[in-house]
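I opened this notebook to record what I looked up in one structure. The entries follow the order of my checks.

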Amino acid sequence: MPEPGRPTGSDPLVITGYGHYFPEDRRALDGFPALRPGHPEQAVVGHAVPNSRHVCAPGEGVEELALAAGRQALQDAGRQPNEVDLLILSSWTNPIPLPARAPAVAARLGSSRALAFDLNAACLGFLLGLRLAGEHLRSNPSSVVLLVAADRFSQRVRPGSRGELVCGDGAGAVVLESGAAEGSTVLDVALRSEGELAGVVTVRGKGQWITSREDVAEVASGAMIARATEVLERCGLGLPDIDWAVPHSGTAQVLESLHGRLGLPPEQVLTNYQHRANTGSATIPSSLSEFRRSGHLRAGDLVLAPSVGSGWYSGAMLLRM
């Protein structure tokens, strides 16, 4: 029988390899004083901060993050770089007009035959990349796709602000193939853009620092719940069927709001936010890679992964490990 949500006769989209990478510079954040009640940053980042975050070393940028995670994913899939037909790089934190980074990553990786392009949908980039990879594999079923999400979020927060403590650098990657016998099956991905919410999170001004409205946690958790409900209904499933939720972390405030709305016990929600901080579009793929490696995620588990991104974007994925 076909998986729920997948048209009859189409081969499933399968993740055959996972990878993640975080810079060696890991900064402990324990003991940071709580914000006073009513402080404007409290509504955005919450009372708690992660235990630590990673920050790129001098000379280490998005390309280096992407290369490390991509190589690990290819090795995990048993694939060589020269077998990659399509490379998608999701990154938004260090935009450059030209040249695009993805072709350079493909060249340095050794994927000389791959079509490579950059993707910017803020923190939703990984889920949008999955959708694009699926469409490519639908018409090119023998292809191998490498999807990498790499962000230097530490560069987009104002120095000295509390936001500097909740945003880190990292990368996550997956190898995608059509109809593979082994791997994790992507059952469905629900996506939506809502331009009327574009002002909730912005990066503007001379410093190019990220700023958020005070209602960002409520808006973000509500959007993630809406997409999670949509993807579950499309697949004929409900929250009781879910083994794990692996959400985009955002901030502790977002996670707290999401926990309450999902109705899942905290032990069923997996995120690396506490040790890695918010790593932008790398959050979900790096979490999947880490928790799969640790044994938390096992073959057959049903995973719900909701996310949001500035723009405004929202989405959710259902994944059978």
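The entries below concern a predicted model.

**Conventions.** I number residues from 1 along each chain as its sequence is written, and my side-chain values use heavy atoms, with hydrogens and water left out. In this predicted model, local features need pLDDT of at least 70 and side-chain atom pairs count only at pLDDT 80 or more, while totals for chains, interfaces and linings use all residues.

**Entry 1: Ser286.** I located Ser286 in helix α8, residues 283-294 (helices are DSSP runs of H or I, at least four residues, numbered from the N terminus). Ser286 counts as buried because its relative accessibility is 0% (buried means under 20% relative accessible area, with a 1.4 Å probe and protein chains only). I listed its contacts (heavy atoms within 4.5 Å): beyond four places in sequence, Ser286 touches His20, Phe22, Ala171, Gly172, Asn272 and Thr279.

**Entry 2: nonpolar cores.** I next looked up the cores (sets of buried Ala, Val, Leu, Ile, Met, Phe, Trp, Tyr and Cys residues joined through side-chain atoms within 4.5 Å). The largest has 32 residues, and Leu176, Leu288, Met317 and Leu319 have the most contacts inside it. Helix α4, residues 125-139, gives this core its largest share, five residues. A second, separate core has 28 residues, including Leu187 and Leu304.

Key. Helix = DSSP H or I, 4+ residues; strand = E, 2+ residues; numbered from the N terminus. Buried < 20%, exposed > 50% of the residue type's maximum accessible area, 1.4 Å probe, protein only.
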